Amino acid sequence: MAEAEGKTERDRERERVKSPPNFAGIAVPISVFVLLLGLSFKSKPLTSPPSRLFTAQELALHNGTDDSLPILLAILGSVFDVTKGKSHYGVGGGYSHFSGRDASRAFVSGKFSGDGLTDSLRGLSSTEVKSVVEWRDFYFRSYTFVGKLIGVYYDSHGNPTKQLKGVEAKAARGAQLLEKQKKEEAKLPSCNSRWSQDKGGEVWCDNGYPRLIQRPLEIALTGKMSKRCACFKEDQLDQQGLEVYQGCEFHAKRCRV
């Protein structure tokens, strides 16, 4: 009897050893723990720090004369840290006139002193305004945006003003006009041209005759009239508005300019 009971006990022990442990009772607590652990290590979304608002007086301090301060410039009211370009934007650098201010107009006017260093774009053509906007986009790509300048283009809360919206709308019109002009000019092939210090300039057509013509959209684009050289076939030479280069024969295919 004792032996039978002993065998039975041993059999039971073997069964307990062979049987897999039952974790059903703790499965839920473990799953909850894993979930909480995952939540605790879940990375938070990266957010850019809020942009700072500058007054003109504050921005002026960042003109590169104080080595303890970053060098900043603004264009259309957007402020950028250009310290990494200190050799250009620091004291004595070729672009130092842009530092510590918003000189948006100078990016297309080329006037780097006095009244030329202004944020006003009054009187500029749509394509010139487009160029200023493209310069701003260049700084967004190449340097660190750090804030906004309170004034013409941003109000005291950092919201864009009517002037900024107007600038961007005018730049968009300029882009449309340029595209239209490209399509128009593609209908008339441009002349070949070259210039050398020894021989001066020369224009010529492989097919046709070189003529000067007005750019019809130039007034809208730049406020000025200008001409370009285009090639015309012989049966087109009687069109109005075609100008033979001075000193060039009527049927010449090459002209000195």
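User: What is the volume of the largest pocket?

Analyst: The model is predicted: local features need pLDDT of at least 70, side-chain atom pairs count only at pLDDT 80 or more, and totals for chains, interfaces and linings use all residues. Residues are numbered from 1 along each chain as its sequence is written, and side-chain values use heavy atoms, with hydrogens and water left out. On a 1 Å grid over the protein atoms alone, a pocket is an open set of points where a 1.4 Å probe fits, with protein on both sides within 12 Å along at least five of seven lines. Grid points are joined across faces, edges and corners, and a volume is the space filled by probe spheres set on the points. Here the largest pocket has a volume of about 230 Å³.

User: Which residues line the largest pocket?

Analyst: Lining residues have an atom within 4 Å of a point. Among them are D119, R122, Y153, Q163 and K170. Helix α7 (residues 162-186) supplies the largest share of the lining, 4 residues; helices (H or I, at least four residues) and strands (E, at least two) are DSSP runs, numbered from the N terminus. By class, the lining has 5 nonpolar, 4 polar and 3 charged residues. In this scheme Ala, Val, Leu, Ile, Met, Phe, Trp, Tyr, Cys and Pro are nonpolar, Asp, Glu, Lys and Arg are charged, and the others, Gly among them, are polar.

User: What is the order of the strands in the open sheet of 4 strands?

Analyst: Strands of a sheet pair through backbone hydrogen bonds, either parallel or antiparallel. Two strands count as paired if DSSP finds at least two bridges between them. In this open sheet the order is β1-β4-β3-β2, with mixed pairing. β1 (52-54) and β2 are the edge strands, each pairing on one side only. Within the sheet, β3 and strand β4 (residues 144-149) run antiparallel and are joined by 4 bridges. F80 stands opposite F145 in β4.

User: Where is L76 found, and is L76 buried or exposed?

Analyst: L76 lies in the loop between β2 (72-75) and β3 (78-81). Buried means under 20% relative accessible area, exposed over 50%, and partly exposed in between (1.4 Å probe, protein chains only). With a relative accessible area of 0%, L76 is buried. The phi of L76 is near 50°, a positive value in a residue other than glycine. S78, in strand β3, is also buried, at 1%.

User: Which residues touch the most other members of the largest nonpolar core?

Analyst: A nonpolar core is a set of buried Ala, Val, Leu, Ile, Met, Phe, Trp, Tyr and Cys residues joined through side-chain atoms within 4.5 Å. Of the 24 residues in the largest such core, L76, V82, L121 and Y139 touch the most other members. At least two residues each come from β2, α5 (106-109), α6 (126-142) and α7, and α6 gives the most, with 4 residues.

User: How many residues of strand β8 are buried?

Analyst: In strand β8 (residues 227-232), 5 of the 6 residues are buried, so this strand is largely enclosed by the rest of the structure. Strand β7 (residues 209-214) runs antiparallel to β8, joined by 6 bridges, and Y209 has F232 as its bridge partner.

User: Which strands pair with β6?

Analyst: Strand β5 (residues 192-196) is joined to β6 by 5 bridges in the antiparallel sense, and a hairpin connects β5 to β6 through 3 residues. β6 also pairs with strand β9 (residues 254-256), antiparallel over 3 bridges, with V203 opposite C255. Strand β6 (residues 200-204) is mostly covered, as 4 of its 5 residues are buried.
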